Amino acid sequence: MSNVGGVANLEPLAQAKEQRAWYFYDWANSAFATTVSGVLFGPYLIAIAEEAAVDDRVSALGLSIAPGALPAYVITFSTLISALVLPLLGAVADRTARKKDLLAGFAWSGAFFAALLFFMTGDNWQLGAITFILANLCFAASAVVNDSILPIISSESDRDRVSSRGWAYGYAGGGLLLALNFVLVSFHDTFGLTEGMAVRISLLSAAVWWAAFTFIPFRGLRNHPPADVEHVEGGVLQRSFGQLWITLKELRNYPVALTFLLAYLFFNDGIQTVISQASVYGVEELGFDQGTMLGVYLLVQFVAVGGALLFGRIAATRGAKNTILGGLVIWMMIVTAGLFIPEKSLVPLLLLGAAIGLVLGGTQALARSYFSLLIPRGKEAEFFSFYHAMERGTSWFGTLVFGLVYTFTGSYRPAIFALIIFFVIGGLLLVRVDTAKGIRDAGNDVPAVI
């Protein structure tokens with residue numbers, strides 16, 4: 001610790017304290033991502049909608065929809081709304097010193113809407129659809145603010161480690177609550193509950209978890225004044241639109257960041273599609289039951305904790321870009337293995353799940369920290385809003401390819417393998433990214449290892 005003029009520099013200690021508090025937001029919001037979005041909301045919404053169905057159809061916005069398709073439509077609608085709203089939110093967040101307050105506000109609002117899912121019962125699927133859309137929108141908004149705090153509380157050379165540890169906390173927290181809810185739902189009779197009530201309690205537990213653990217970053221983070229914000233006339237909303245317009249015009253000044261963003265859109269779409277379709281592949285193609293696939297899901301969650309930390313350590317010596325490229329090679333091997341796994345062969349399935357967990361947290365954590373090096377100070381939230389908005393706006397490409405290949409071949413094996421194209425294109429684009437130039441263009445310090 002440096003000592004200038006006899007006064008100790010306590011900033012590194014304060015920054016380390018903020019980092020420890022920041023990790024817990026990943027721990028908090030992962031409860032919603034796993035228990036609600038990842039596992040329980042979709043099947044429960046279908047069951048409730050089936051109670052209300054007439055001739056195996058429910059009506060939404062004038063459309064006649066099969067209950068089984070309802071979760072996909074709800075998630076797609078929510079995703080598209082957030083893709084439109086997030087860039088404006090980023091402009092607002094960059095103009096305020098109260099980022100931690102904004103983070104907590106979105107988190108607690110999202111947790112409130114998620115808690116209302118407890119009241120989705122009988123045939124009231126509309127309540128579930130509306131409250132999930134609102135909760136998911138708040139979840140995305142809080143993620144933008146949370147990611148924009150990363151460059152403020154960490155130096156360029158420390159960012160991979162901090163981001164990776166945050167992802168590890170997220171997988172640990174989300175996995176722990178999911179494991180508890182798995183026990184509650186699986187053995188609901190033992191607890192004197194119906195299966196429906198066990199699911200509703202689990203949904204509520206995710207909201208309570210999200211809200212409660214958000215107090216840790218809310219108390220532990222500091223509010224930092226905005227940096228390098230252009231002067232724009234008008235009220236808050238008008239100024240935010242003005243800054244957003246300025247940033248859109250300036251995007252061409254950061255070609256390296258844009259190239260990486262394009263690469264990320266491809267390989268992240270491949271990752272998200274593998275995760276979202278893995279259960280369908282395991283049940284329909286390999287012949288396992290839902291309970292087994294939920295166990296594999298938990299395995300992925302907990303292996304991902306170690307995977308995120310491991311990738312952070314590798315990046316410290318090999319650089320984030322090279323480490324991500326290595327992860328993409330493993331993703332290519334994973335989808336290739338999907339062609340050959342025998343039916344009802346548990347050990348290969350568990351090995352595949354472990355491999356997914358190994359690279360899942362690592363590639364996503366390093367993508368976040370790597371992108372943060374390529375964006376200018378003072379516009380972290382805006383650039384991360386584009387990062388999340390573009391990710392959400394294009395997230396249907398992978399599932400479209402998966403669905404088309406299955407339609408034409410009648411098998412989920414070539415459908416999984418077809419996703420290799422997303423990792424290949426993403427990897428080729430990432431190879432073209434000039435890391436040092438991108439960091440200099442953004443006005444950031446170049447770390448010793450890139």
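The model is predicted, so local features need pLDDT of at least 70 and side-chain atom pairs count only at pLDDT 80 or more, while totals for chains, interfaces and linings use all residues. Residues are numbered from 1 along each chain as its sequence is written, and side-chain values use heavy atoms, with hydrogens and water left out.

**Exercise 1. Salt bridges**

Task: State how many salt bridges the structure holds, and describe the pair formed by Asp 101 and Arg 98.

Solution. 
Step 1. A salt bridge is a side-chain nitrogen of Lys or Arg within 4 Å of a carboxyl oxygen of Asp or Glu. The structure holds nine salt bridges.
Step 2. In the pair of Asp 101 and Arg 98, the N to O distance is 2.7 Å.
Step 3. Exposure is judged by relative accessible area: buried means under 20%, exposed over 50%, and partly exposed in between (1.4 Å probe, protein chains only). Asp 101 has 21% and is therefore partly exposed, whereas Arg 98 has 54% and is therefore exposed.

**Exercise 2. A pocket and a cavity**

Task: Describe the lining of the second largest pocket and that of the largest cavity.

Solution. 
Step 1. Rolling a probe the size of a water molecule over the atoms shows where empty space is left. On a 1 Å grid over the protein atoms alone, a cavity is a set of points where a 1.4 Å probe fits but cannot get out; a pocket is an open set with protein on both sides within 12 Å along at least five of seven lines; lining residues have an atom within 4 Å of a point. Grid points are joined across faces, edges and corners, and a volume is the space filled by probe spheres set on the points.
Step 2. The second largest pocket holds about 350 Å³ of space. Its lining has 15 residues, and Ala 60, Leu 61, Val 74, Phe 77 and Ile 133 lie nearest its centre.
Step 3. Strand S4 (63-65), helix H2 (70-94) and H4 each give two or more residues to this pocket lining; H4 provides the largest share, six residues.
Step 4. Ala, Val, Leu, Ile, Met, Phe, Trp, Tyr, Cys and Pro count as nonpolar, Asp, Glu, Lys and Arg as charged, and the others, Gly among them, as polar. The lining of the second largest pocket has 13 nonpolar, two polar and no charged residues.
Step 5. The whole structure has one cavity of 30 Å³ or more, and the largest cavity has a volume of about 60 Å³. Among the residues lining the largest cavity are Glu 18, Lys 99, Ile 149 and His 224.
Step 6. Helix H3 (99-115) and H4 each give two or more residues to the cavity lining, and H4 gives the most, with three. By class, the lining of the largest cavity has four nonpolar, one polar and four charged residues.

**Exercise 3. Two single residues**

Task: Is Ile 439 buried or exposed, and is Lys 344 buried or exposed?

Solution. 
Step 1. Ile 439 lies in helix H16 (residues 435-442) and is buried, at 0% relative accessibility. Ile 439 and Val 256 are 183 residues apart in sequence and 8.6 Å apart in space, C-alpha to C-alpha.
Step 2. Lys 344 lies in the loop between helix H10 (320-337) and H11 and is exposed, with a relative accessible area of 62%. Lys 344 has a positive phi of about 50°, although it is not a glycine.

**Exercise 4. A surface patch**

Task: Which residues make the nonpolar surface patch of about 530 Å²?

Solution. 
Step 1. Patches are made of residues with over 30% relative accessible area and no salt bridge; like charges are joined within 9 Å, and nonpolar side chains (Val, Leu, Ile, Met, Phe, Trp, Tyr) within 5 Å. Accessible areas come from the Shrake-Rupley method with a 1.4 Å probe, and for residues only the protein chains shown count as cover.
Step 2. The patch is made by Trp 396, Phe 397, Leu 400, Leu 404 and Phe 408.
Step 3. Trp 396 is placed in helix H13 (residues 396-409) and is partly exposed, at 41% relative accessibility.

Methods:
Helices (H or I, at least four residues) and strands (E, at least two) are DSSP runs, numbered from the N terminus.
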